[in-house]
Amino acid sequence: MCRSGVLTALCGVGVGALLLAGCPGPQPDTESPSAGAGAKGEPAPAAGGKIVLGSYMCNTGPFATFGQSSTKAMEMAVEELNAKGGVLGKPIELIVEDDQCKPEEAANAAQKLIQQDNVLCVLGEVASSNSLAAAPICQDAQTPMVTPSSTNPAVTQTGDYIFRICFTDDFQGVVMSKYAVEELKAKTAVVFSDVASDYSKGLSKVFRETFTAAGGEILGEESYNQSDRDFRAQLTKFKGLSPDVVYVPGYYGEVALILSQARQLGLKAVFLGGDGFDSPKLVEIAGKAAEGALFSNHYSKDDPNPVVQQFVASFQAKYNEAPDALAACAYDAVRIVAQAIETAGVEDRTALRDALAGITDFDGVTGKITIDENRNARKSATILTIKGGKQTFVKTMAPE
Ligand code: PHE
């Protein structure tokens with residue numbers, strides 16, 4: 001799970017009070033719990049003088065910027081909370097596991113955090129397929145899991161201990177098809193999905209259904225695999241169909257290559273996608289080919305709301321980079337968990353679950369967050385476009 005290279009990289013991030021599992025240096029002063037402690041039904045045992053949270057994230061692997069960005073923001077949130085006295089009068093400790101963007105490692109990491117580290121709550125993942133792999137482990141151990149940014153509807157359907165603080169793809173897919181029909185006046189589309197990703201398959205389905213229901217026509221559909229690097233065969237087929245838009249709800253690594261190859265082939269359609277586009281690497285890799293692409297996301301760093309601007313300024317000062325939506329969601333997730341622990345008033349996983357279910361109107365960086373009866377957040381989505389090599393705000397769309 002933890003690879004030393006990662007830990008070295010993350011330890012170099014400047015963690016302050018935060019502890020990263022396996023980092024060189026002092027180890028936590030928590031008593032090591034006996035094997036099996038914290039299993040199903042048992043309250044999280046007292047962890048000495050600290051509130052211990054665990055996260056599993058793709059800090060290395062094909063979409064590493066997702067995990068790295070989330071981890072930085074979680075660290076920052078923990079530091080800020082600890083500077084104000086922590087929760088329940090105790091400092092928070094965050095144990096970070098790297099799952100290398102692999103579902104089986106995500107499941108192993110969740111198991112380790114629960115059984116070995118006795119965390120009160122698990123935070124993770126970004127990619128829905130990884131959250132889907134770990135959620136049953138958290139549910140079975142009756143340990144709350146909060147995903148900051150996994151949008152596939154099935155994640156929280158795993159059970160009553162599984163929460164998300166972001167919207168679902170049932171909303172995200174509608175947002176983009178609506179935008180295509182109403183604002184771009186698109187009449188025809190093609191859909192390009194990543195078959196290895198539950199996220200991509202789910203978003204494609206929603207887009208297909210809602211675009212068609214709004215009177216649009218899907219001219220063709222193709223798929224690819226996460227490890228693919230040559231998309232020319234599918235893109236050539238798309239070119240022959242001359243669609244108004246191409247919907248490609250993938251992750252930035254493949255999407256960047258898809259955009260580059262599409263432009264080389266002279267495919268002129270507007271490219272649309274989801275939050276998986278959100279990485280500085282998209283423009284770094286695709287360059288000019290990314291211009292004009294549009295995608296739905298969780299926030300815009302240009303939002304003048306003081307909550308957003310305070311977060312952006314702190315993150316920029318600490319890491320010398322602008323926070324993406326992963327960071328914003330992860331920051332909100334830690335702060336929501338901290339508030340819920342405070343509300344629960346005790347260090348107990350079931351009491352925390354109940355408090356999370358009651359989160360209402362939390363003033364987050366990614367909007368006002370209320371957890372609904374299905375443990376999802378009902379929130380607005382933001383549409384961004386790439387302009388002059390930068391993510392640029394287009395509009396906000398509220399749920400109906
Ligand atoms: N929503 C994506 C998923 O569920 C992950 C993601 C979130 C990617 C936010 C980028 C930004 O797989």
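The model is predicted, so local features need pLDDT of at least 70 and side-chain atom pairs count only at pLDDT 80 or more, while totals for chains, interfaces and linings use all residues. Residues are numbered from 1 along each chain as its sequence is written, and side-chain values use heavy atoms, leaving out hydrogens and water. Helices (H or I, at least four residues) and strands (E, at least two) are DSSP runs, numbered from the N terminus.

**Helices H6 and H7**

- Two packed helices are described by the angle between their axes and the distance between the axes.
- Helix H6 (residues 169-183) and helix H7 (residues 198-213) have axes that come within 8 Å and cross at roughly 45°. Axes are lines fitted to C-alpha atoms, for helices over the stretch in contact, and angles run from 0 to 180 degrees between N-to-C directions.
- H6 and H7 are therefore oblique to each other; angles under 35 degrees count as roughly parallel, over 145 as roughly antiparallel, 65 to 115 as roughly perpendicular and the rest as oblique.
- Residues of H6 that meet H7 include Asp169, Met176 and Val181, and their partners in H7 include Tyr199, Leu203 and Phe211. Contact means heavy atoms within 4.5 Å.
- The residues of this contact divide into nine nonpolar, four polar and two charged. Here Ala, Val, Leu, Ile, Met, Phe, Trp, Tyr, Cys and Pro count as nonpolar, Asp, Glu, Lys and Arg as charged, and the others, Gly among them, as polar.

**Helices H12 and H13**

- Helix H12 (residues 325-344) packs against helix H13 (residues 349-357) at an angle of about 115°, with axes 8 Å apart.
- Among the contact residues are Ile336 and Ala340 of H12, and Leu352 and Leu356 of H13.

**Around the ligand**

- Ser128, Ser149, Thr151, Tyr251 and Asp275 come nearest of the 13 residues around the ligand (near means a heavy atom within 4 Å).
- A ligand oxygen atom is 2.5 Å from an N or O atom in the side chain of Ser128.
- A ligand nitrogen atom is 2.8 Å from an N or O atom in the side chain of Thr151.

**Backbone features**

- Most residues other than glycine have a negative phi, and most peptide bonds are trans.
- Gly124 and Glu125 are joined by a cis peptide bond, with omega about -10°.
- Lys185 has a positive phi, near 55°, and sits in the loop between H6 and strand S6 (188-194).

Methods:
A polar contact is a pair of N or O atoms within 3.5 Å; within protein, one must be able to donate a hydrogen and the other to accept it, and residues adjacent in sequence count only if both atoms are side-chain atoms.
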